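Please read them with the structure open.

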Amino acid sequence: MSSRLASPALLTAGAATFSVLAWASAFVSIRSAGAAYSPGALALGRLLAASLVLVALVAIRREGLPPRGAWRGILVSGLVWFGGYMVALNWGERLVDAGTAALLVNVGPILMALLAARLLGEALPPRLLAGMAVSFGGAVVVGLSTSSGHGGGTSLLGVVLCLLAAVAYATGVVAQKPALAYGTPLQITAYSCLVGTAACLPFAGQLAIELPKAPASATLNMLYLGVVPTALAFTTWTYALARTPASKMGATTYAVPAIVVLLSWAFLDEVPAWLTLLGGALCLTGVAVSRSRPSPSRTPAPRAAEPETAAEPADVQ
């Protein structure tokens, strides 16, 4: 029984599930902490907290520097995903609610599948293409509902920022995938986080000014973002990504918006409009289509060849 619980497939599924749940909670925490911290300061504070945890884990496990072959992916992932994604998402969530932001960011798996097919040679079957088209349509519906319901240009900027975060997310995952052939998930996550932290250091002045003025709840949310959705969830994500195609891993994150809507309703009293929910339903339908498998065609089994019978001798008259 214990060996079955520790099977690689179950560990991979558990790691992906934890990442999805933690990232869903991050949208709510960002929305809460963003009331006291500017986007760059919040990103830097989150990354500093995550870096402390990850460096400690690397030291405990005695994992040194990643091999040279991993550094290209680490640099791209750190700059684009850990740095750019977090700043863009923090800014976007100041303008749109948490559930809407999660729906928009989940355009990322579509881009991820396209990039993985182009750069990593992963398969792009027709069902995946159809699912991506449906999900993209859902994201468009979300964008239209948000821009029409929150006052025009400002909310449109929020939509654009969340879509930029989706691009950064997809780019970072695809860059990470080859790096995992050289380093461990913990190494790739830790050093990507350190690169992202370095990229966000220009916001150190803002963080120093805002930290003393911020309420304790906002600071605790920032620390939570660093420890759970970043240090732990990014590590479990890279563990699962090392064992799963990038396009398939990306599709698992389509569960995030539904969880975010529930969490934002419970903790922030935010419920997206019905048109936004319709767009979310289209996103989830698209991933269901992309992950479905065609039913096996039932072809008649070949008939066994009948043994040839020897020709009967003709009657001798």
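1. Contact here means heavy atoms within 4.5 Å. On that basis, residues 24 or more positions apart account for 90% of the contacts in the protein chain with a separation of 6 or more. Keep in mind that this is a predicted model.

2. Next, the overall make-up. The protein chain holds 14 helices and zero strands. Read from the N terminus, its elements run α-α-α-α-α-α-α-α-α-α-α-α-α-α. The chain has 317 residues, and 49% of them count as buried.

3. How do helix 3 and helix 4 cross? Helix 3 spans residues 39-61 and helix 4 spans residues 71-92. Their axes come within 8 Å and cross at roughly 135°. Angles over 145 degrees would count as roughly antiparallel, and 65 to 115 as roughly perpendicular. The two helices are therefore oblique to each other. The crossing of helix 3 and helix 4 is right-handed.

4. Which residues make the contact of helix 3 with helix 4? Helix 3 supplies P39, G40, L42, A43, R46 and L47. Helix 4 supplies F82, M86, V87, N90 and W91. By class, this contact has eight nonpolar, two polar and one charged residues.

5. Now the charged pairs. Side chains of opposite charge can pair when their charged atoms come close. How many salt bridges does the rule give? The count comes to one. The salt bridge joins the side chains of R61 and E63, at 3.0 Å from N to O.

6. Are R61 and E63 buried or exposed? R61 has 56% relative accessibility, and the cut-off for exposed is over 50%. R61 therefore counts as exposed. E63 has a relative accessible area of 15%, and buried means under 20%. E63 is therefore buried. The salt bridge thus pairs an exposed R61 with a buried E63, and its N to O distance is 3.0 Å.

7. T238 lies in helix 11, which covers residues 216-241. Is T238 buried or exposed? Its relative accessible area is 0%, so T238 is buried. What does T238 touch, leaving aside its neighbours within four places in sequence? T238 is in contact with Q176, L180, P185 and T189.

8. Show the crossing of helix 3 and helix 4, at roughly 135°. Show R61 with E63, the salt-bridge pair. Then show T238 with its contacts Q176, L180, P185 and T189.

How values were computed. Residues are numbered from 1 along each chain as its sequence is written. This is a predicted model: local features need pLDDT of at least 70, side-chain atom pairs count only at pLDDT 80 or more; totals for chains, interfaces and linings use all residues. Side-chain values use heavy atoms; hydrogens and water are left out. A salt bridge is a side-chain nitrogen of Lys or Arg within 4 Å of a carboxyl oxygen of Asp or Glu. Buried means under 20% relative accessible area, exposed over 50%, partly exposed in between (1.4 Å probe, protein chains only). Axes are lines fitted to C-alpha atoms, for helices over the stretch in contact, and angles run from 0 to 180 degrees between N-to-C directions. Helices (H or I, at least four residues) and strands (E, at least two) are DSSP runs, numbered from the N terminus. Angles under 35 degrees count as roughly parallel, over 145 as roughly antiparallel, 65 to 115 as roughly perpendicular and the rest as oblique. A crossing is left-handed if the near helix is turned anticlockwise from the far one by less than a right angle, and right-handed if clockwise. Ala, Val, Leu, Ile, Met, Phe, Trp, Tyr, Cys and Pro count as nonpolar, Asp, Glu, Lys and Arg as charged, and the others, Gly among them, as polar.
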